[in-house]
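Here are my notebook entries from a first look through this structure. Come along and look things up with me.

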Amino acid sequence: MTDAEKYTRTAVLLHWGIALFILVNVILGLGANYAPTSWQRPMIDLHKSIGITVLFLVFARIAWRLTHKPPTMPASYAPWERTLAHTVHYALYLLILALPITGWIHDSAWSAAAGHPLKLFWIIPWFRLGFITSLPAPTKHAFHIWFGAIHTYLGYVLYTLVAAHIAGALKHQLLDRRPELQRMWR
Ligand code: HEM
């Protein structure tokens, strides 16, 4: 496979870095509900730190995407496969942006936020969203509940789309016997 058929090193690093962070964050987000009480706060704090990091990486990834042309899809892909792949890719961009943002809003609207300052990886002080923290207490509480629910539901959409994304890649790799994973690897 030639370099022109592959994503660049930066794109590959961003793709797998974001995927790994999101996987860890899903495990932390879901796992916190079942973990011993003394683990829950550190797990959620780590979840928030990774989530804000993902937000930065997603901005970097979108900047890469807007300034680079991705390798063209192989000519053998059927039109419906191209359309489906593009749709899933754009939906995934939207989701990986929406998940950290809704989590951040949910956290900024938390009534106990002032007593639990946000610190990325327990080191870097981070801010909450001022237009949320300054809302009247009842509205803020409603935001906390709504955005917590939206954050959870977006998680369900993410599981579905990631499953479709992986199924598509495996179809090309195993059924069509095309080097698909190699396109996103260096
Ligand atoms: C990579 C981005 C993120 C992903 C994939 C993600 C995913 C998840 C998932 C799957 C849950 C579990 C929902 C459930 O209970 O079913 C969750 C919970 C939560 N997330 Fe996120 N999240 C992300 C970013 C963030 C960010 C940036 C923040 C805040 C700054 C945040 C704050 C929270 C909080 C407070 C909970 C509730 C934890 C609990 O009390 O059990 N998330 N997230």
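**Salt bridges and an iron site**

I started with Lys-171 and Asp-176, whose side chains meet in a salt bridge with an N to O distance of 2.9 Å. Do keep in mind that this is a predicted model.

Next I looked up how open these two residues are. Lys-171 has 27% relative accessibility, so I noted it as partly exposed.

How many salt bridges does a search of the whole structure find? I got six.

I then turned to Arg-128 and Asp-107, whose side chains form a salt bridge at 2.7 Å, N to O. This pair links distant parts of the chain, 21 residues apart. I found Arg-128 in the loop between strand E2 (124-125) and helix H4 (130-133), and Asp-107 in helix H3 (residues 79-108). Both Arg-128 and Asp-107 are buried. I also saw that Lys-48 joins Asp-107 and Arg-128 in a network of salt bridges.

Another entry goes to Glu-180 and Arg-183, with a salt bridge at 3.9 Å, N to O. Are they buried or exposed? I wrote down buried for both Glu-180 and Arg-183.

Last, I visited the ligand. Which residues coordinate its iron atom? I found His-47 and His-151, each through NE2, at 2.0 Å. His-47 sits in helix H2 (residues 37-67) and His-151 in helix H5 (residues 137-175), so the pair ties together parts 104 residues apart in sequence. Why is the arrangement octahedral? The six donor atoms around the iron subtend angles of 86 to 179°, which makes it so.

Conventions. Residues are numbered from 1 along each chain as its sequence is written. This is a predicted model: local features need pLDDT of at least 70, side-chain atom pairs count only at pLDDT 80 or more; totals for chains, interfaces and linings use all residues. Side-chain values use heavy atoms; hydrogens and water are left out. Donors are N, O and S atoms within 2.8 Å of the metal (3.2 Å for Na, K and Ca); water is not among the atoms, so sites may look incomplete. Four donors count as tetrahedral if all angles lie between 85 and 135 degrees; four count as square planar and six as octahedral if opposite donors are over 155 degrees apart and all others between 65 and 115; anything else is irregular. Helices (H or I, at least four residues) and strands (E, at least two) are DSSP runs, numbered from the N terminus. A salt bridge is a side-chain nitrogen of Lys or Arg within 4 Å of a carboxyl oxygen of Asp or Glu. Buried means under 20% relative accessible area, exposed over 50%, partly exposed in between (1.4 Å probe, protein chains only).
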